[in-house]
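Please open the structure in a viewer and keep the selection tool at hand. The stops below name what to select and describe what is found there.

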Amino acid sequence: MAPQRYRPPVNFGLGGVAIGNEFRFATDEQAEATLAAAWDAGIRYFDVSPWYGLGLAERRFGRFLARKPRAEFVISSKVGKLLRAGRDNEAKRYFPFTTSPNTPHFDYSADGVRRSIEDSLQRLGLDRLDIVFVHDLSPDNPYLPTDWEALWPIAREGAFPTLSRMREEGIIDGWGMGVNRPEPILRCLDEADSDVHLLASQYSLIDHANAVEALFPRAREAGVSFVVGSALNAGFLGGEPRYNYGEENMLIPADKREKLATLRATADRHGVDLVAAALQFSLAPDVAASLIVGTANPDHILADHAALRARIPGEFWADLRAGNILHADAAVPGRPTSA
């Protein structure tokens with residue numbers, strides 16, 4: 001029987017990518033309004049990272065959340081990058097719209113993890129993190145100073161046991177990988193004692209087969225859960241002209257555009273809001289503990305929150321499965337996951 005591990009108690013949250021000015025410039029006032037709208041709607045999970053705007057997202061989230069009762073919300077952040085301010089910083093190389101004076105330096109060592117958490121808490125103005133994700137130690141990260149597999153032993157001997165000790169000491173509740181690819185999660189499940197992983201860009205209506213076939217069965221064996229991120233593929237399913245992340249994310253492969261066209265046509269036939277269907281789909285598996293969406297627009301976070309309650313007819317899912325858009329074993333709202 002799999003051991004009992006920490007599972008986030010809140011199933012929907014606001015992510016910090018857009019509030020960190022990933023895609024476009026957002027003002028402090030927009031960020032504050034988005035956080036206030038989320039809070040007023042009852043959203044109580046917030047996910048940030050030193051990476052998002054190189055400290056900008058953490059400062060913005062912290063200014064808001066530091067005024068709220070700490071026991072009433074869950075917050076996750078990430079480790080693996082230390083920020084160093086300087087006159088000759090390279091912030092604009094990574095985030096053209098950030099106002100940060102920082103340059104990131106990758107560090108997956110034990111000392112680096114503790115320093116990263118301390119720095120995050122200072123930027124946030126909080127006394128603890130609930131969840132910590134080891135961020136972007138993954139084959140898709142072009143900014144790593146060397147191959148991710150060469151850095152893996154540093155994390156295995158440094159970051160992973162340090163986070164497990166911090167969990168045992170009560171400093172954090174749980175930890176895992178926060179990555180856009182499955183390989184680091186599968187390897188972590190074999191080599192470390194993790195709790196919950198941020199499954200970003202890997203479980204959406206567009207792309208979910210590998211998660212169903214490889215990740216989810218292994219997660220059930222280990223007793224771990226997932227926070228699902230980028231259920232809309234960085235806004236692609238909601239109409240944004242980009243697919244996922246990276247410098248070339250506006251060069252969208254033809255097969256993704258074709259699948260989106262099929263999804264839209266099917267949604268139109270059944271009178272379904274595609275964003276609502278996409279969000280509900282990504283939260284349906286038994287191993288999906290929570291879903292996070294990223295926006296710096298108050299209206300968008302309210303719409304996404306409401307979309308979780310929209311009715312999606314079973315015929316819609318049946319048509320997608322018949323057309324091989326959905327994997328045969330993929331869970332849908334109202335239908336249990338195939339274990």
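Begin with H197, which stands opposite F226 in β9. The model on display is a predicted one.

Next, display the whole sheet. It is a closed barrel of 8 strands in the order β1-β2-β3-β6-β7-β8-β9-β10, with parallel pairing. Averaged over the sheet and ignoring direction, neighbouring strands are turned by 25° against each other.

Select helix α2, residues 56-65. This helix lies across β1 (12-15), β2 and β3 (74-79), and runs at about 155° to β2.

Within strand β2 (residues 45-47), pick D47. Is D47 buried or exposed? With a relative accessible area of 1%, D47 is buried. Its side chain is joined to that of S76 by a polar contact of 2.6 Å. Leaving aside residues up to four places away in sequence, the residues that D47 touches include L14, Y52, F61, K78, F133, L198 and I292.

Move to helix α9, residues 274-283, where 10 of 10 residues are buried. Among them are L274, Q280, F281 and S282. To see what covers this helix, show β9 (225-229), α8 (254-270), β10 (288-294), α10 (298-307) and α11 (314-322), against which its buried residues pack. F281 also belongs to a cluster linked by ring pairs, together with Y203, F216, F226, F316 and W317.

The aromatic stops continue from here. A search of the whole structure finds 18 aromatic pairs. Select W148 and W152: the pair is edge-to-face, because the ring centres are 5.7 Å apart and the planes stand at 90°. Both residues lie in helix α5 (residues 148-168), 4 residues apart, or about one turn of the helix. W148 counts as buried at 9% relative accessibility, and W152 does so at 0%. W152 also forms an edge-to-face pair with F160, at 5.2 Å centre to centre and 75° between the planes. F160 is buried, its relative accessible area being 2%.

Finish with two charged side chains. R44 lies over the face of W39, 3.6 Å from the ring centre. For R242, the charged end sits over the ring of F23, at 3.6 Å from its centre.

Technical notes: Residues are numbered from 1 along each chain as its sequence is written. This is a predicted model: local features need pLDDT of at least 70, side-chain atom pairs count only at pLDDT 80 or more; totals for chains, interfaces and linings use all residues. Side-chain values use heavy atoms; hydrogens and water are left out. Buried means under 20% relative accessible area, exposed over 50%, partly exposed in between (1.4 Å probe, protein chains only). Helices (H or I, at least four residues) and strands (E, at least two) are DSSP runs, numbered from the N terminus. Contact means heavy atoms within 4.5 Å. A polar contact is a pair of N or O atoms within 3.5 Å; within protein, one must be able to donate a hydrogen and the other to accept it, and residues adjacent in sequence count only if both atoms are side-chain atoms. Two strands pair if DSSP finds at least two bridges between them. Axes are lines fitted to C-alpha atoms, for helices over the stretch in contact, and angles run from 0 to 180 degrees between N-to-C directions. Rings of Phe, Tyr and Trp (its six-membered ring) pair if their centres lie within 6.5 Å; planes under 30 degrees apart count as stacked, over 60 as edge-to-face and the rest as tilted. A charge sits over a ring if NZ of Lys or CZ of Arg is within 6 Å of the ring centre and within 35 degrees of the ring normal.
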